[in-house]
Amino acid sequence: MRARVSWTLVLAAFLAFPPFQRERVEEMGFGQISRIERMRVDPALTQALRSRWDKEASAFAFPWGHMIPSLEDVSRIIGLRVHGRAVSGYTYPCYHDLAERLLDLPVERRSSLVPRVALQESLGLFEAGKNAGESEDEYLERLARVSRRELASEPGPQADLDLRRFLVLFLGRLLFATRGDAVHCRFLPLLADLGEVGGYAWGAAFLAHQFDGLGASERQTSTSGFYPFLQVWAYLHLPALRRGDLTRPGLVPIARRWDSRRDTRHLADQLERLQEAIDSYPYLDPYLGEGDEGQPWLVQARPYFGRSVWLHALNLVLPLNLFLTQRSLGLRQSVVEFPVRDRFHRPGRSFRGLHDTTDWRERAREQIKNWERKGKGVRSDATTDDAYLQAYALKYGGKVYKSARHQSAVQDREAAQRQTTELQSELERVRGTGAGGASSSQSAGGSPSLMEARLAGAVLRAEEAQRHLEERERDLELAHEQAMTLQSERDQLRVQAEATESQVAEMTWELATLRVQRPSGDQEEVIRLRAELLAQQTLARSLQQIVTDIGRSRSRSRSGVSVSRATDASVGQYLAGSSSRRRNEEEERHRPGDDGRGGGEMLPPPDRREGSGESGGGQ
């Protein structure tokens, strides 16, 4: 089902509720979304942003640096609650019994999915299709009118059942939507006590789900969850892309102010123009701030703004690395360590197939504590961004600066092509002048045959120049592809090298333990471990050398923009600062409280060996 249809169905069920039920939804923190005007999906914008998402850093990698949607963005744009308890608890291999008890609806064995049609009909949404000639408002009004007949009009057990069914539809088809037609009910255990639902930080869980959806395949043209959020975020932070229209200024939450600008061009053409616009974006747009008028939910949300913290949506536990975006917060970007993939494992993407009953409050205990402490404040004492930008260019290279030399080559080729076309047109005009043109030229002291010969020579030279520039453009594209291949190989080898180093450390510790505790009969085991240790150390050194060689090879093929900024001195400065920061933060972990300096590393992710089959998906 399309995202906008799901939105209409959820809104119709909300409007069909009697006033006391709508008040309960408001108290849970979900009322603001019902006030947002339905908006067109912008697949080109979503796909352009998705292509810039770095899964390792959980951040957008733009030519000017990292940018990340934050908890403040969630709170201001769509009005979701970002304070309260982490959305965490149990996940189960089967939700059949829970669904029967709490929803009175069928769920297949070994599944967390409830049939969408059955759920809709339980809320009175029987005729969900739009009739021919029916306007959007008429469609919504008809759905709400039919639904109202089936819903309880007074408080009681039936009203609780209606509300719980609505919340499953709201969470499963709008806020945390997944691909496919069925509706997941993995949040159902948190809905057992309806009085506790409003105590969870659903906005933080929504942001984790957005991050997970952005990390999906770039071929997807939509993002998971409530799609207006990402679109309006781009309207605010990347206004020069001109994808939204501010039609209702002053309304809150901010998403109510905007409409998606209609673009009738082909999707591929829209996407190409958006990519070019991002590559040549004129400046970084820091968050300029917004008043709090008419937004009472911001009072309790504000302590969570501007902080790096772990986000929780049951088994989906992802970092908000806001320390990477000090520049987008109007600060100077201090030296930080960029997250790497082996430190931030990505979960699986299917809601089916949870193998064990898992308590994520226990599995992600340290990350839950991090949320309860509100993470770590993002501040900066840096006076310049140079070290960060130089390290950024080294890490991302052609991924974000790919337009520099390539665009220049394309412009040169296009200019040569225009010149060739003009000369060919002039040559055809001279050839077509005939005898009249010849006599006129002779009376003026010129020869038409001589003019034709000169033009023909100029056309040949222009065509030769155009072929040369086309070859140059192909060479640059090939060099870029080779650089990306080397970067991928280097990343894989870096992960292997770090894994090998970890094995060496474990074996060294085991060997030292055996030396102290071994009985006389364990001498052979010590010799064996020592031999394996030497082999692993040799392998680690070999992998590190390969990574270094690939880095040097890639540096020679990288664009001039990224290389010219990355001097040996600046890299040394960055690495030294990063090492110092790591030592300081390791000491901070053993102290209570938060000194609020810098951004720092996040905790490692929880072990995902059990129950890791659930996360997010696109629509």
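**Charged pairs**

Start by selecting R248 and D259: they form a salt bridge, with their closest N and O atoms 3.2 Å apart. A salt bridge here is a side-chain nitrogen of Lys or Arg within 4 Å of a carboxyl oxygen of Asp or Glu. R248 sits in the loop between strand 7 (244–246) and strand 8 (258–260), while D259 is in strand 8, 11 residues away. Strands (E, at least two residues) and helices (H or I, at least four) are DSSP runs numbered from the N terminus.

A quick word on the ground rules. This is a predicted model, where local features need pLDDT of at least 70 and side-chain atom pairs count only at pLDDT 80 or more, while totals for chains, interfaces and linings use all residues. Residues are numbered from 1 along each chain as its sequence is written, and side-chain values use heavy atoms, leaving out hydrogens and water.

Next, pick D160 and R24, whose side chains meet in a salt bridge (3.0 Å, N to O). D160 belongs to helix 8 (residues 157–175) and R24 to helix 2 (residues 19–27), 136 residues apart.

**Into the core**

Now select F30, L71, I78, F166, L175, W202 and L311. Of the 125 residues in the largest nonpolar core, these touch the most other members. Such a core is a set of buried Ala, Val, Leu, Ile, Met, Phe, Trp, Tyr and Cys residues joined through side-chain atoms within 4.5 Å; buried means under 20% relative accessible area (1.4 Å probe, protein chains only). Helix 1 (residues 3–16) gives the most to this core, with 10 residues.

Notes. Buried < 20%, exposed > 50% of the residue type's maximum accessible area, 1.4 Å probe, protein only.
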